[in-house]
Amino acid sequence: MILFAQVVLPVPLRKSFVYRVPEEYQKKVRKGIRVLVPFRKNLLTGFITELFSEAPLKNIKFKKIRELLDEEPVFSLSFLSFTKRLSDYYYSSWGEILHASLPPSFAVKTRTVIYICKKGKAYLNQDSCSDSEREILKFLTRKHYTELYLRRKFKKSSFSSIISNMEEKGLISIKKEIRRSPKREWNNTQKAPTQIEIDDSLDSDLRKKADEIKSKRGEDAFSCFLISSSKKKREAVYFDLIRETTASGLKTLFLFPEIELSDRILKEFKKKLGENAAVLHSRMSEKQKELTWERIRRGEAEVVAGPRSVLLTPFEKLGLIILDQEHEDSYYQKESPAYDARIGARLRAEEEKAVLIYGSEYPSVELLYRSRNKGSLIDLDKVQKTQFKRDIIDSRKQTGVISRAMKTGIMKRVEQKEPVTLFFNRHGYASSLVCSQCDFTPKCQNCEVLLTYYKKEEKLICRYCHYSTDLFMKCPECGSRMVPGGGFGIEVLEEELKRNFPDSCIRSLHKLAVKKKNQEEEIIKDYRAGKIDILLGTQMMAHQSKLPLSYFVGVFYPESILRLSDFRAGYKTFRYIKETMKFVKDAPNSEFMVQTYLPHTYPIQNAVYDDSVSFYEHELRNRRLMGYPPFSYLAELLFTGKDLRSVARKSRKLLDVVKDKKDQIEILGPSFAPVKKLRGKNRVQVIIKSKERSSLDEILEKIFKDIKTRKSVFVYE
DNA sequence: AGCACGCCGACT
DNA sequence: GTCGGCGTGCTC
């Protein structure tokens, strides 16, 4: 006899709660169904994760489950254990993860309704009735109203206390009610026939690799591979594996980075997999998402594809997870519930006993190292001999923004009417504005970081929260002239190019210039059509799949990435250069040029001269030396709060809490997070490095127990 | 997270 | 003397 159920709730707590199961539900309760439960004074949509025949806890007055919301579980047992492990890994709330796994309409919405009581009506005529009480009571004699409505009607700051006081006196009653949305009827669309296009693009070499994966993977067991190769080859193997998975009656989960949200993916899936692919992404409407979600739930989609959030879409018979462009930062979800989709994919594949494929042309150092050690690295690329010339220009020996060599290079192409592609990854005109007299520098009111100076748009913009103000050239403190400060940005380079090549058509492609969605495509189209002589862009331009190849590609100051305070800065620089290099037409008279103040650093050298083997070796040596992943687990603890002093105190307390564990870990900080302040909350971070995950967990557990304040953890491994 | 309880400063 | 600050604890 099932009498009690463990329920997890969508609240930021690492706890579950036990409820009594009412008699009428005792035959219907199952793990994985949604329930409506009273919690404090609220009604919440929770999820049953465990069932008991006797009370699992003592001395607790259990509340009753109010209502069962499903006949059939919305979460399978394996999905439940996957999400549980994910929440354990990131010290986040299981309930919040489950909540995020459902479309918004699956959470029952409640409202607070206020009724007048008999006693309240009588109270109206008494002298002890205050003006504000009388006002509200009078209003309620007509009919009941929701709390929200009343709060807006009577714009009183003390509204809450007046109301709760009146409830205590028995004048009114406050009830939580379910806001029933009309039950949506799902039109039972006919399942599209499986019409997977046969594609013979796998040559014998790829065939061998795909077969290698198939033979190494255990029957009905978790296995994981990293495919390191160019997009085309990778995708050929992906589709081969998807076809095989589908043929054996299993489903595929396909994850791709946010920036790839181009309709290309959709078209590709439609073309190769017929109507059996379901793509979910953030640009879809609520309704569209819900319909797609329901299709997936009914098992009609053979392939479920989308960005990181799609990892949390519940469905059964999962046989294959593909995570493409494994290195991309958009797989990090840093907002609550925080998780890394790469690690999430692994946990899910483990629970589902599925095959997991990571893919990238230049995989992350961490994953490459681990895969190589485990023998699960599938390297598809033969060393390709490229023919174009390449050069690293030492800026220290040059004057001006554009070096002589770069100028000559561009000039030659411009004269021959050949388009030139240039990259410079720093936005705006200057990274800040500064007063020429008193050193005043305008900061973002939300994040407290320096505002970037945009000359063309005449604005100051925050690079984190996009807060923007109109430009002012007089210091508000002392009235002196404001001048550009910090490093110069892409607009300076554009001005410089225009001065040097006054007769050329020069366009620049960066975030601000492409506010309007199709403007980016417009520019690329014009460039393809030969209407633009020199195209200048930030890193985002390197992600433009339609950008044509060019005989001359130049990269300015890649050290803007190298100087980031990130243990992956070297790798990111290497990748950035590799990305830009892809746009060089492979011909003997093509040229690739990098201009930098750090010409001898290995990420730049190795990228330019095609020595990825040396790059990975060098990078791994450094990571080992400094104790960074993959040689350690790195936890990023973020403390947040309104009051900076208390946040700082709490974060310093951490040092005290872990002082007897100093031999197992290394601590950096506390220090301000890269974004000092966000939405009015101060942010202080502490980095903990540990060789063993177990000792890291021990320490984090202790920190969570001893330090009571808002905080979140992100773990890199 | 919210909300209640609880102990120390500036006010009628 | 009280109103109210947010530190601490709890939610089945």
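Author: Helices and strands are here DSSP runs, with helices being H or I and at least four residues, strands being E and at least two, and both numbered from the N terminus. This is a predicted model, in which local features need pLDDT of at least 70 and side-chain atom pairs count only at pLDDT 80 or more, while totals for chains, interfaces and linings use all residues. Residues are numbered from 1 along each chain as its sequence is written, chains are lettered from A and ligands numbered from 1 in the order in which they are written, and side-chain values use heavy atoms, with hydrogens and water left out.

Reader: In which loop is proline 630 found?
Author: The peptide bond that leads from proline 629 to proline 630 is cis, and its omega is near 10 degrees. As for its place in the chain, proline 630 is found in the loop between helix H20 (612-626) and strand E30 (633-641).

Reader: How far apart are the centres of domain 2 and domain 4?
Author: The domain bounds come from an automatic or database domain assignment, and for chain A this assignment includes domain 2 (110-180) and domain 4 (389-427 + 489-622). When the centres of domain 2 and domain 4 are taken over C-alpha atoms, they are separated by 65 Å.

Reader: Which element gives the most residues to the surface near DNA strand C?
Author: A residue is near a strand if one of its heavy atoms lies within 4 Å of it, and the residues around DNA strand C include Phe17, Val18, Tyr19, Arg40 and Lys63. Of the atoms of DNA strand C that come within 4 Å of the protein, 45% are accounted for by sugar and phosphate. With three residues, the element that gives the most to this surface is strand E2 (residues 17-20).

Reader: Why do the buried residues of H4 line one face of the helix, and within what arc do they fall?
Author: Buried means under 20% relative accessible area, exposed over 50%, and partly exposed in between, with a 1.4 Å probe and protein chains only. In helix H4 (residues 131-142), the buried residues are Ser132, Glu133, Ile136, Leu137, Phe139 and Leu140. They line one face because, seen down the axis of H4 and by the directions from the helix axis to the C-beta atoms, they fall within an arc of 160 degrees.

Reader: Which residues are exposed on the face of H4 turned away from its buried side?
Author: This face looks away from the buried side of the helix. The exposed residues that it carries are Asp131, Lys138 and Arg142.

Reader: Which residue is the bridge partner of threonine 112 in E9?
Author: Two strands pair if DSSP finds at least two bridges between them, and the open sheet here has three strands in the order E8-E7-E9, with antiparallel pairing. Its edge strands, E8 (145-146) and E9 (172-179), each pair on one side only, while eight bridges join strand E7 (residues 109-116) to E9. In E9, the partner of threonine 112 is lysine 176.

Reader: Is tyrosine 557 buried or exposed?
Author: Tyrosine 557, in the loop between strand E28 (552-556) and helix H17 (559-562), has a positive phi, near 45 degrees, in a residue other than glycine. Its relative accessible area is 6%, so tyrosine 557 is buried.
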